[in-house]
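Here is a short briefing to read alongside the model you are about to see.

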Amino acid sequence: MLAKVESAAVVGLTGVPITVEVDVSGGGLPGLHMVGLPDPTIREAKERLRSAIRNSAFAWPASRITVNLAPADVRKEGSAFDLPMAVGVLAASGQFPAAALERTVLLGELALDGQVRGLPGILPVALSLSGRGKRLLVPAANAAEAALAPELTVVPMRDLAQAVRFLQGLEPADPVAEPDVSPAGPFSFVDYAEVRGQGAARRALEVAAAGGHNLLLIGPPGVGKTMLVERLPTILPPMSPAESLEVTMIHSAAGLLPSGFSQITGRPFRHPHHTASAPALIGGGTIPRPGEVSLAHHGVLFLDELPEFDRAALEGLRQPLEAGRVTVVRTQGSCTFPARVMLVAAMNPCPCGFAGDPRRGCVCTPSQFIKYRSKMSGPLLDRIDLQLEVPAVRWEEMTAAGGGESSAAIRSRVEQARRVQRERFKAEPGCFVNGQMSHRQVRRFCRLTAEGREILGRAVERLGLSARAHDRVLRVARTIADLEGTAEIEPDHLAEAVQYRCLDRPVIESNG
Ligand SMILES: Nc1ncnc2c1ncn2[C@@H]1O[C@H](COP(=O)(O)OP(=O)(O)OP(=O)(O)O)[C@@H](O)[C@H]1O
Ligand SMILES: [Mg+2]
Ligand SMILES: [Zn+2]
(Lines give C-alpha, C1' and ligand atoms only; values in the text may rest on other atoms or scores of the structure.)
(Ligands and ions follow the chains in the order given, each with its own letter.)
Protein backbone atom coordinates (compact mmCIF):
# COMPACT_ATOMS: atom_id res chain seq x y z
CA MET A 1 0.00 0.00 0.00
CA LEU A 2 1.18 3.53 -0.75
CA ALA A 3 0.88 6.47 1.67
CA LYS A 4 1.72 10.11 0.94
CA VAL A 5 2.63 12.44 3.79
CA GLU A 6 3.15 16.17 3.39
CA SER A 7 6.25 17.67 4.97
CA ALA A 8 8.57 20.60 4.26
CA ALA A 9 12.22 21.62 4.10
CA VAL A 10 13.90 24.99 4.52
CA VAL A 11 15.92 26.46 1.66
CA GLY A 12 17.55 29.66 2.85
CA LEU A 13 14.67 31.29 4.69
CA THR A 14 11.92 29.73 2.61
CA GLY A 15 9.86 26.68 3.45
CA VAL A 16 9.40 24.38 0.46
CA PRO A 17 6.90 21.50 0.32
CA ILE A 18 8.28 17.98 0.39
CA THR A 19 6.16 14.88 -0.15
CA VAL A 20 7.16 11.76 1.73
CA GLU A 21 5.89 8.71 -0.18
CA VAL A 22 5.98 5.38 1.61
CA ASP A 23 5.27 2.13 -0.15
CA VAL A 24 4.91 -1.08 1.84
CA SER A 25 4.71 -4.05 -0.50
CA GLY A 26 4.54 -7.79 0.02
CA GLY A 27 7.22 -8.70 -2.50
CA GLY A 28 10.99 -8.49 -2.26
CA LEU A 29 13.35 -8.61 0.67
CA PRO A 30 12.15 -6.96 3.87
CA GLY A 31 13.93 -3.75 4.79
CA LEU A 32 13.78 -0.02 4.24
CA HIS A 33 15.02 1.66 1.06
CA MET A 34 15.22 5.36 0.39
CA VAL A 35 15.19 7.23 -2.89
CA GLY A 36 15.07 10.92 -3.77
CA LEU A 37 18.64 12.07 -3.07
CA PRO A 38 18.52 11.90 0.66
CA ASP A 39 21.40 13.15 2.72
CA PRO A 40 23.34 10.49 4.68
CA THR A 41 21.65 11.68 7.88
CA ILE A 42 18.30 10.59 6.47
CA ARG A 43 19.69 7.07 6.07
CA GLU A 44 20.47 7.10 9.78
CA ALA A 45 16.76 7.72 10.27
CA LYS A 46 16.19 4.05 9.41
CA GLU A 47 17.28 2.85 12.86
CA ARG A 48 15.41 5.62 14.65
CA LEU A 49 12.24 4.84 12.73
CA ARG A 50 12.25 1.16 13.54
CA SER A 51 12.94 1.70 17.24
CA ALA A 52 10.46 4.56 17.60
CA ILE A 53 7.69 2.56 15.91
CA ARG A 54 8.29 -0.56 18.02
CA ASN A 55 8.65 1.42 21.26
CA SER A 56 5.36 3.20 20.56
CA ALA A 57 3.55 -0.17 20.53
CA PHE A 58 3.16 -0.32 16.74
CA ALA A 59 4.46 -3.08 14.46
CA TRP A 60 7.44 -2.71 12.12
CA PRO A 61 6.19 -4.28 8.86
CA ALA A 62 8.07 -7.39 7.79
CA SER A 63 7.92 -6.32 4.12
CA ARG A 64 9.88 -4.24 1.67
CA ILE A 65 9.43 -0.54 2.56
CA THR A 66 10.34 2.11 -0.01
CA VAL A 67 10.53 5.77 0.98
CA ASN A 68 10.77 8.54 -1.59
CA LEU A 69 11.31 12.19 -0.74
CA ALA A 70 10.06 14.42 -3.55
CA PRO A 71 10.98 16.66 -5.30
CA ALA A 72 14.39 15.08 -5.76
CA ASP A 73 16.17 18.32 -6.63
CA VAL A 74 15.65 19.92 -3.22
CA ARG A 75 18.54 18.98 -0.99
CA LYS A 76 17.24 17.53 2.25
CA GLU A 77 19.09 16.96 5.44
CA GLY A 78 18.63 16.09 9.02
CA SER A 79 16.00 14.35 10.95
CA ALA A 80 12.95 16.52 10.19
CA PHE A 81 11.42 13.73 8.11
CA ASP A 82 11.44 11.09 10.88
CA LEU A 83 7.90 11.83 12.00
CA PRO A 84 6.36 11.99 8.50
CA MET A 85 8.21 8.81 7.50
CA ALA A 86 7.06 6.94 10.61
CA VAL A 87 3.47 8.05 10.12
CA GLY A 88 3.77 7.06 6.45
CA VAL A 89 5.02 3.56 7.36
CA LEU A 90 2.09 3.12 9.77
CA ALA A 91 -0.45 4.35 7.22
CA ALA A 92 1.03 2.29 4.36
CA SER A 93 0.98 -0.85 6.53
CA GLY A 94 -2.65 -0.32 7.43
CA GLN A 95 -2.08 0.53 11.10
CA PHE A 96 -4.18 3.68 10.78
CA PRO A 97 -6.28 5.25 7.99
CA ALA A 98 -4.31 7.34 5.46
CA ALA A 99 -7.32 9.65 5.10
CA ALA A 100 -6.40 11.08 8.52
CA LEU A 101 -3.41 12.75 6.84
CA GLU A 102 -5.38 15.11 4.63
CA ARG A 103 -4.43 18.81 4.77
CA THR A 104 -1.78 17.90 7.34
CA VAL A 105 1.92 18.79 7.23
CA LEU A 106 4.29 17.01 9.61
CA LEU A 107 7.83 17.67 10.76
CA GLY A 108 9.79 16.20 13.64
CA GLU A 109 12.80 14.20 14.71
CA LEU A 110 12.14 10.96 16.58
CA ALA A 111 14.09 9.65 19.53
CA LEU A 112 14.43 5.86 19.82
CA ASP A 113 11.64 5.78 22.42
CA GLY A 114 9.23 7.62 20.08
CA GLN A 115 9.56 11.09 21.61
CA VAL A 116 9.41 13.99 19.13
CA ARG A 117 12.41 16.31 19.32
CA GLY A 118 12.72 19.98 18.28
CA LEU A 119 14.22 21.14 14.98
CA PRO A 120 15.72 24.21 13.31
CA GLY A 121 13.79 26.15 10.67
CA ILE A 122 10.22 25.60 11.88
CA LEU A 123 9.20 29.28 11.65
CA PRO A 124 10.09 29.67 7.94
CA VAL A 125 8.09 26.50 7.24
CA ALA A 126 5.12 27.70 9.30
CA LEU A 127 5.08 31.08 7.52
CA SER A 128 5.17 29.38 4.12
CA LEU A 129 1.99 27.50 5.09
CA SER A 130 0.07 30.55 6.35
CA GLY A 131 -3.41 30.91 4.86
CA ARG A 132 -3.34 27.61 2.97
CA GLY A 133 -5.94 25.84 5.03
CA LYS A 134 -3.45 23.34 6.48
CA ARG A 135 -2.61 22.14 9.93
CA LEU A 136 1.03 21.77 10.93
CA LEU A 137 2.16 19.08 13.37
CA VAL A 138 5.43 20.15 14.96
CA PRO A 139 7.61 19.11 17.89
CA ALA A 140 6.19 20.57 21.11
CA ALA A 141 9.49 22.44 21.61
CA ASN A 142 8.82 24.41 18.39
CA ALA A 143 5.09 25.09 18.83
CA ALA A 144 5.47 28.62 20.28
CA GLU A 145 7.65 29.62 17.34
CA ALA A 146 5.32 28.04 14.73
CA ALA A 147 2.32 29.80 16.28
CA LEU A 148 3.75 33.16 15.11
CA ALA A 149 2.51 32.26 11.62
CA PRO A 150 -0.97 33.71 11.06
CA GLU A 151 -3.83 31.62 9.64
CA LEU A 152 -2.28 28.28 10.44
CA THR A 153 -3.37 25.59 12.89
CA VAL A 154 -0.33 24.48 14.86
CA VAL A 155 -0.46 21.17 16.71
CA PRO A 156 2.34 20.36 19.15
CA MET A 157 3.51 16.74 19.27
CA ARG A 158 5.15 15.06 22.24
CA ASP A 159 5.61 11.59 20.81
CA LEU A 160 4.71 9.33 17.91
CA ALA A 161 1.87 7.54 19.70
CA GLN A 162 0.24 10.86 20.57
CA ALA A 163 0.62 12.05 16.97
CA VAL A 164 -1.19 8.97 15.68
CA ARG A 165 -3.95 9.24 18.30
CA PHE A 166 -4.41 12.89 17.34
CA LEU A 167 -4.55 12.10 13.62
CA GLN A 168 -7.19 9.42 14.27
CA GLY A 169 -9.26 11.92 16.25
CA LEU A 170 -8.85 9.93 19.47
CA GLU A 171 -7.14 12.76 21.36
CA PRO A 172 -7.51 16.56 21.20
CA ALA A 173 -4.52 18.78 20.39
CA ASP A 174 -2.48 20.24 23.22
CA PRO A 175 -3.13 23.98 23.52
CA VAL A 176 -0.51 26.39 22.13
CA ALA A 177 -0.04 29.65 24.00
CA GLU A 178 -1.02 32.76 21.99
CA PRO A 179 2.29 34.32 20.93
CA ASP A 180 3.10 37.68 22.44
CA VAL A 181 3.73 39.96 19.48
CA SER A 182 3.64 43.23 21.38
CA PRO A 183 6.41 45.61 20.31
CA ALA A 184 9.72 44.77 21.86
CA GLY A 185 11.03 46.43 24.95
CA PRO A 186 14.70 47.36 24.90
CA PHE A 187 17.32 44.81 25.86
CA SER A 188 17.99 45.77 29.43
CA PHE A 189 20.60 43.75 31.32
CA VAL A 190 23.16 46.51 30.86
CA ASP A 191 22.95 50.30 30.70
CA TYR A 192 25.16 53.24 29.72
CA ALA A 193 24.70 54.58 33.26
CA GLU A 194 27.36 52.04 34.28
CA VAL A 195 30.02 53.55 32.02
CA ARG A 196 32.16 56.22 33.66
CA GLY A 197 33.79 59.05 31.74
CA GLN A 198 34.38 58.41 28.02
CA GLY A 199 32.21 61.36 27.02
CA ALA A 200 33.56 61.49 23.46
CA ALA A 201 33.06 57.78 22.87
CA ARG A 202 29.53 57.88 24.31
CA ARG A 203 28.75 60.74 21.98
CA ALA A 204 30.15 58.85 18.97
CA LEU A 205 28.02 55.81 19.85
CA GLU A 206 24.95 58.02 20.10
CA VAL A 207 25.66 59.53 16.68
CA ALA A 208 26.29 56.06 15.24
CA ALA A 209 23.03 54.74 16.69
CA ALA A 210 21.06 57.77 15.53
CA GLY A 211 22.22 57.54 11.91
CA GLY A 212 22.89 53.80 11.63
CA HIS A 213 26.57 54.45 10.95
CA ASN A 214 29.32 51.87 11.19
CA LEU A 215 31.87 52.66 13.88
CA LEU A 216 35.47 51.83 14.82
CA LEU A 217 36.87 52.41 18.30
CA ILE A 218 40.63 52.53 18.76
CA GLY A 219 42.10 52.45 22.24
CA PRO A 220 44.42 50.77 24.71
CA PRO A 221 43.33 47.68 26.70
CA GLY A 222 40.84 48.05 29.54
CA VAL A 223 39.46 51.49 28.73
CA GLY A 224 35.94 50.18 28.21
CA LYS A 225 35.67 49.67 24.45
CA THR A 226 33.90 46.34 24.78
CA MET A 227 31.74 47.71 27.58
CA LEU A 228 30.67 50.70 25.46
CA VAL A 229 29.79 48.62 22.40
CA GLU A 230 27.89 45.93 24.33
CA ARG A 231 25.45 48.63 25.43
CA LEU A 232 24.72 49.84 21.91
CA PRO A 233 21.47 47.81 21.52
CA THR A 234 20.10 49.63 24.59
CA ILE A 235 20.02 52.95 22.73
CA LEU A 236 18.70 51.68 19.41
CA PRO A 237 14.96 52.08 18.78
CA PRO A 238 12.87 48.96 19.54
CA MET A 239 12.31 46.60 16.62
CA SER A 240 9.00 46.74 14.78
CA PRO A 241 6.92 43.54 14.85
CA ALA A 242 7.96 42.85 11.23
CA GLU A 243 11.66 43.27 12.07
CA SER A 244 11.27 41.05 15.09
CA LEU A 245 9.65 38.31 12.99
CA GLU A 246 12.45 38.50 10.41
CA VAL A 247 15.13 38.22 13.09
CA THR A 248 13.30 35.27 14.63
CA MET A 249 13.14 33.54 11.21
CA ILE A 250 16.89 33.85 10.74
CA HIS A 251 17.61 32.45 14.20
CA SER A 252 15.11 29.67 13.60
CA ALA A 253 16.82 28.70 10.34
CA ALA A 254 20.17 28.69 12.14
CA GLY A 255 18.75 26.41 14.85
CA LEU A 256 19.43 29.03 17.53
CA LEU A 257 15.96 29.47 19.03
CA PRO A 258 15.79 27.90 22.48
CA SER A 259 13.17 25.19 23.05
CA GLY A 260 9.70 26.59 23.74
CA PHE A 261 10.80 30.05 22.65
CA SER A 262 8.52 32.18 20.54
CA GLN A 263 9.93 35.48 19.33
CA ILE A 264 13.15 37.48 19.56
CA THR A 265 12.21 41.01 20.58
CA GLY A 266 15.57 42.57 21.53
CA ARG A 267 17.87 43.76 18.76
CA PRO A 268 20.57 41.21 18.01
CA PHE A 269 24.07 41.79 19.30
CA ARG A 270 26.56 39.37 17.74
CA HIS A 271 30.11 39.22 18.95
CA PRO A 272 31.99 36.60 16.91
CA HIS A 273 35.50 35.67 18.01
CA HIS A 274 38.36 36.80 15.77
CA THR A 275 39.11 33.17 14.88
CA ALA A 276 35.71 32.93 13.12
CA SER A 277 35.98 31.55 9.57
CA ALA A 278 34.61 33.28 6.50
CA PRO A 279 31.59 30.90 6.28
CA ALA A 280 30.85 31.42 9.98
CA LEU A 281 30.77 35.18 9.46
CA ILE A 282 29.09 35.30 6.09
CA GLY A 283 27.03 32.11 5.98
CA GLY A 284 27.32 28.97 3.93
CA GLY A 285 27.48 25.19 4.13
CA THR A 286 26.16 22.47 1.82
CA ILE A 287 22.72 23.40 3.01
CA PRO A 288 23.23 27.13 3.47
CA ARG A 289 22.85 28.49 6.97
CA PRO A 290 22.95 32.17 7.95
CA GLY A 291 26.27 33.49 9.27
CA GLU A 292 27.01 36.08 11.94
CA VAL A 293 26.31 39.00 9.62
CA SER A 294 22.76 37.69 9.11
CA LEU A 295 22.26 36.69 12.73
CA ALA A 296 23.03 40.35 13.50
CA HIS A 297 20.35 41.55 11.01
CA HIS A 298 18.56 44.64 12.42
CA GLY A 299 21.15 44.76 15.19
CA VAL A 300 24.84 45.08 15.87
CA LEU A 301 27.75 43.02 14.51
CA PHE A 302 30.71 43.61 16.81
CA LEU A 303 34.19 42.70 15.58
CA ASP A 304 36.38 43.11 18.63
CA GLU A 305 40.14 43.11 17.95
CA LEU A 306 39.56 43.78 14.28
CA PRO A 307 43.18 43.34 13.08
CA GLU A 308 43.16 39.76 14.41
CA PHE A 309 40.39 38.68 12.02
CA ASP A 310 41.25 36.69 8.94
CA ARG A 311 41.71 39.04 6.05
CA ALA A 312 39.67 36.90 3.66
CA ALA A 313 36.81 36.75 6.16
CA LEU A 314 36.77 40.55 6.45
CA GLU A 315 36.98 40.85 2.69
CA GLY A 316 33.90 38.62 2.44
CA LEU A 317 31.94 40.94 4.70
CA ARG A 318 32.34 43.86 2.39
CA GLN A 319 29.68 42.98 -0.15
CA PRO A 320 27.02 41.98 2.44
CA LEU A 321 27.61 45.25 4.29
CA GLU A 322 27.14 47.16 1.09
CA ALA A 323 24.06 45.28 -0.07
CA GLY A 324 22.40 44.59 3.28
CA ARG A 325 22.11 40.92 2.32
CA VAL A 326 24.19 37.82 1.64
CA THR A 327 23.77 35.59 -1.36
CA VAL A 328 25.13 32.08 -0.92
CA VAL A 329 25.59 30.32 -4.26
CA ARG A 330 25.41 26.54 -4.38
CA THR A 331 25.25 24.04 -7.21
CA GLN A 332 21.59 23.47 -6.36
CA GLY A 333 20.76 27.15 -6.64
CA SER A 334 21.49 30.17 -4.53
CA CYS A 335 19.72 31.60 -1.54
CA THR A 336 19.72 34.97 0.12
CA PHE A 337 19.81 35.95 3.78
CA PRO A 338 19.19 39.52 4.95
CA ALA A 339 22.16 41.26 6.61
CA ARG A 340 21.33 44.85 7.45
CA VAL A 341 23.62 45.49 10.40
CA MET A 342 25.44 48.19 12.24
CA LEU A 343 29.07 47.14 12.11
CA VAL A 344 31.09 48.14 15.13
CA ALA A 345 34.76 47.26 15.39
CA ALA A 346 37.33 47.79 18.10
CA MET A 347 41.11 47.60 18.06
CA ASN A 348 44.18 48.65 19.97
CA PRO A 349 46.14 51.60 18.57
CA CYS A 350 49.28 49.50 18.00
CA PRO A 351 50.51 45.90 18.40
CA CYS A 352 51.51 46.39 22.07
CA GLY A 353 48.30 48.28 22.72
CA PHE A 354 49.64 51.34 24.51
CA ALA A 355 50.41 53.96 21.87
CA GLY A 356 49.24 57.31 23.20
CA ASP A 357 48.45 55.88 26.66
CA PRO A 358 49.92 58.02 29.45
CA ARG A 359 49.74 55.06 31.89
CA ARG A 360 52.31 53.01 30.04
CA GLY A 361 54.62 53.68 27.11
CA CYS A 362 54.33 52.02 23.72
CA VAL A 363 57.15 49.61 22.93
CA CYS A 364 56.40 49.17 19.23
CA THR A 365 58.87 50.22 16.56
CA PRO A 366 57.63 52.74 13.99
CA SER A 367 57.66 50.05 11.32
CA GLN A 368 55.55 47.68 13.46
CA PHE A 369 53.17 50.53 14.08
CA ILE A 370 52.82 51.45 10.42
CA LYS A 371 52.39 47.81 9.39
CA TYR A 372 49.60 47.36 11.95
CA ARG A 373 47.76 50.47 10.87
CA SER A 374 48.16 49.77 7.17
CA LYS A 375 46.46 46.40 7.70
CA MET A 376 43.38 48.46 8.47
CA SER A 377 43.47 50.60 5.37
CA GLY A 378 41.52 47.85 3.63
CA PRO A 379 38.10 47.79 2.07
CA LEU A 380 36.22 47.29 5.32
CA LEU A 381 37.47 50.56 6.72
CA ASP A 382 35.96 52.20 3.72
CA ARG A 383 32.53 51.25 5.06
CA ILE A 384 33.08 52.79 8.48
CA ASP A 385 31.75 56.34 8.89
CA LEU A 386 33.03 57.00 12.39
CA GLN A 387 36.53 56.27 13.67
CA LEU A 388 37.39 57.34 17.15
CA GLU A 389 40.27 57.10 19.61
CA VAL A 390 39.19 56.06 23.10
CA PRO A 391 41.67 57.23 25.72
CA ALA A 392 42.23 55.84 29.21
CA VAL A 393 39.68 57.17 31.72
CA ARG A 394 41.10 59.69 34.16
CA TRP A 395 41.32 58.51 37.74
CA GLU A 396 38.98 61.25 39.00
CA GLU A 397 36.33 60.19 36.50
CA MET A 398 36.71 56.53 37.36
CA THR A 399 36.23 57.13 41.08
CA ALA A 400 33.64 59.94 40.90
CA ALA A 401 30.25 59.12 42.43
CA GLY A 402 27.61 57.99 39.93
CA GLY A 403 28.00 56.92 36.33
CA GLY A 404 26.92 58.61 33.14
CA GLU A 405 23.60 59.29 31.51
CA SER A 406 21.16 56.37 31.27
CA SER A 407 20.48 54.42 28.09
CA ALA A 408 16.81 55.50 28.16
CA ALA A 409 17.75 59.19 27.98
CA ILE A 410 20.12 58.61 25.08
CA ARG A 411 17.60 56.39 23.31
CA SER A 412 14.94 59.09 23.34
CA ARG A 413 17.28 61.40 21.38
CA VAL A 414 18.18 58.58 18.99
CA GLU A 415 14.49 57.90 18.35
CA GLN A 416 13.84 61.56 17.71
CA ALA A 417 16.63 61.67 15.12
CA ARG A 418 15.30 58.45 13.55
CA ARG A 419 11.88 60.06 13.13
CA VAL A 420 13.46 62.93 11.19
CA GLN A 421 15.20 60.39 8.94
CA ARG A 422 12.03 58.37 8.37
CA GLU A 423 10.38 61.51 7.08
CA ARG A 424 13.39 62.38 4.91
CA PHE A 425 13.65 58.96 3.28
CA LYS A 426 9.91 58.34 2.85
CA ALA A 427 10.27 58.29 -0.93
CA GLU A 428 13.75 56.69 -1.03
CA PRO A 429 13.36 52.89 -1.25
CA GLY A 430 16.03 50.88 0.57
CA CYS A 431 17.33 53.86 2.53
CA PHE A 432 16.15 54.24 6.12
CA VAL A 433 18.97 56.03 7.91
CA ASN A 434 21.68 58.54 7.02
CA GLY A 435 24.34 55.83 7.18
CA GLN A 436 22.77 54.18 4.11
CA MET A 437 22.73 57.25 1.86
CA SER A 438 24.25 56.82 -1.60
CA HIS A 439 26.46 59.47 -3.17
CA ARG A 440 23.43 60.86 -4.99
CA GLN A 441 21.42 61.02 -1.76
CA VAL A 442 24.31 62.72 0.05
CA ARG A 443 24.33 65.41 -2.63
CA ARG A 444 20.63 65.86 -2.30
CA PHE A 445 20.17 65.77 1.48
CA CYS A 446 23.46 67.17 2.80
CA ARG A 447 23.62 70.64 1.22
CA LEU A 448 26.06 72.99 2.88
CA THR A 449 26.16 76.74 3.42
CA ALA A 450 29.09 78.72 1.98
CA GLU A 451 30.76 78.66 5.40
CA GLY A 452 30.21 74.92 5.71
CA ARG A 453 31.76 74.32 2.30
CA GLU A 454 34.81 76.27 3.33
CA ILE A 455 35.27 74.31 6.58
CA LEU A 456 34.93 71.03 4.77
CA GLY A 457 37.30 72.18 2.03
CA ARG A 458 39.98 73.02 4.59
CA ALA A 459 39.55 69.67 6.37
CA VAL A 460 39.75 67.74 3.11
CA GLU A 461 43.00 69.50 2.31
CA ARG A 462 44.51 69.12 5.79
CA LEU A 463 43.60 65.42 6.17
CA GLY A 464 43.88 64.52 2.52
CA LEU A 465 40.36 63.07 2.54
CA SER A 466 39.24 60.98 -0.43
CA ALA A 467 35.95 61.59 -2.18
CA ARG A 468 34.43 58.66 -0.28
CA ALA A 469 35.63 60.00 3.06
CA HIS A 470 34.15 63.34 2.08
CA ASP A 471 30.70 61.72 1.71
CA ARG A 472 31.18 59.95 5.01
CA VAL A 473 31.80 63.24 6.81
CA LEU A 474 28.64 64.66 5.26
CA ARG A 475 26.50 61.69 6.31
CA VAL A 476 27.71 61.95 9.88
CA ALA A 477 27.22 65.74 9.91
CA ARG A 478 23.65 65.16 8.71
CA THR A 479 23.03 62.86 11.69
CA ILE A 480 24.54 65.33 14.12
CA ALA A 481 22.22 68.02 12.75
CA ASP A 482 19.26 65.62 13.04
CA LEU A 483 20.12 64.91 16.68
CA GLU A 484 20.01 68.62 17.26
CA GLY A 485 16.80 68.94 15.27
CA THR A 486 18.12 71.48 12.75
CA ALA A 487 17.33 71.30 9.05
CA GLU A 488 20.64 72.89 8.02
CA ILE A 489 24.03 71.26 8.52
CA GLU A 490 25.87 73.90 10.53
CA PRO A 491 29.62 74.54 10.83
CA ASP A 492 29.71 72.92 14.30
CA HIS A 493 28.16 69.76 12.96
CA LEU A 494 30.78 69.52 10.23
CA ALA A 495 33.61 70.25 12.62
CA GLU A 496 32.47 67.40 14.87
CA ALA A 497 32.01 65.00 11.95
CA VAL A 498 35.55 65.69 10.69
CA GLN A 499 36.90 64.63 14.09
CA TYR A 500 35.55 61.13 13.52
CA ARG A 501 38.13 60.47 10.79
CA CYS A 502 41.12 59.72 12.99
CA LEU A 503 42.53 57.00 10.70
CA ASP A 504 42.70 59.45 7.82
CA ARG A 505 45.38 61.40 9.63
CA PRO A 506 48.97 60.46 8.79
CA VAL A 507 49.92 57.56 11.07
CA ILE A 508 53.25 58.94 12.34
CA GLU A 509 51.47 61.91 13.85
CA SER A 510 49.49 59.82 16.33
CA ASN A 511 52.56 57.84 17.43
CA GLY A 512 54.36 61.00 18.50
N1 LIG B 1 34.77 53.79 31.44
C2 LIG B 1 34.55 52.77 32.26
N3 LIG B 1 33.57 52.83 33.18
C4 LIG B 1 33.33 51.80 34.01
N5 LIG B 1 34.03 50.65 34.00
C6 LIG B 1 35.02 50.51 33.11
C7 LIG B 1 35.33 51.56 32.20
N8 LIG B 1 36.36 51.15 31.43
C9 LIG B 1 36.66 49.91 31.82
N10 LIG B 1 35.88 49.51 32.84
C11 LIG B 1 35.95 48.22 33.53
O12 LIG B 1 37.02 47.49 32.98
C13 LIG B 1 36.59 46.28 32.37
C14 LIG B 1 37.33 46.08 31.06
O15 LIG B 1 36.83 46.97 30.10
P16 LIG B 1 36.64 46.53 28.59
O17 LIG B 1 36.73 45.06 28.45
O18 LIG B 1 35.44 47.17 28.07
O19 LIG B 1 37.96 47.18 27.97
P20 LIG B 1 38.47 47.16 26.47
O21 LIG B 1 38.75 48.58 26.13
O22 LIG B 1 37.52 46.44 25.63
O23 LIG B 1 39.85 46.41 26.61
P24 LIG B 1 40.60 45.41 25.57
O25 LIG B 1 41.32 46.27 24.59
O26 LIG B 1 41.54 44.68 26.46
O27 LIG B 1 39.57 44.56 24.96
C28 LIG B 1 35.10 46.45 32.18
O29 LIG B 1 34.43 45.22 32.30
C30 LIG B 1 34.72 47.38 33.32
O31 LIG B 1 34.48 46.64 34.50
MG1 LIG C 1 37.66 44.59 24.65
ZN1 LIG D 1 52.68 49.88 20.90
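Two strands count as paired if DSSP finds at least two bridges between them. Helices (H or I, at least four residues) and strands (E, at least two) are DSSP runs, numbered from the N terminus. This is a predicted model, in which local features need pLDDT of at least 70 and side-chain atom pairs count only at pLDDT 80 or more, while totals for chains, interfaces and linings use all residues. Residues are numbered from 1 along each chain as its sequence is written, and chains are lettered from A and ligands numbered from 1 in the order in which they are written.

- Five strands, in the order 11-14-17-10-18, form an open sheet with parallel pairing.
- Its edges are strand 11 (269-270) and strand 18 (386-389), each of which pairs on one side only.
- Helix 6 (residues 199-211) packs on this sheet and touches strand 10 (215-218), strand 17 (342-347) and strand 18; its direction makes about 170° with that of strand 18 (axes are lines fitted to C-alpha atoms, for helices over the stretch in contact, and angles run from 0 to 180 degrees between N-to-C directions).
- Strand 11 and strand 14 (residues 300-304) run parallel and are joined by two bridges; F269 has V300 as its bridge partner in strand 14.

**Overall picture**
- The protein chain has 19 helices and 18 strands, and its C-alpha atoms fill a box of roughly 90 × 45 × 45 Å along the principal axes.
- Buried residues make up 44% of the 512 residues (buried: 20 or more other C-beta atoms within 10 Å of the residue's own, with C-beta atoms placed from the backbone).

**The largest nonpolar core**
- A nonpolar core is a set of buried Ala, Val, Leu, Ile, Met, Phe, Trp, Tyr and Cys residues joined through C-beta atoms within 7 Å.
- Of the 136 residues in the largest one, A86, V89, A126, L136, A146 and A477 touch the most other members.
- Helix 2 (residues 82-92) gives the most to this core, with eight residues.

**Helix 11**
- In helix 11 (residues 311-323), the buried residues are A313, L314, G316, L317, P320 and L321.
- Just after helix 11, G324 takes a positive phi of about 75°.

Conventions
Buried ≥ 20, exposed ≤ 12 C-beta atoms within 10 Å, placed from the backbone. Contact = placed C-beta atoms within 7 Å.
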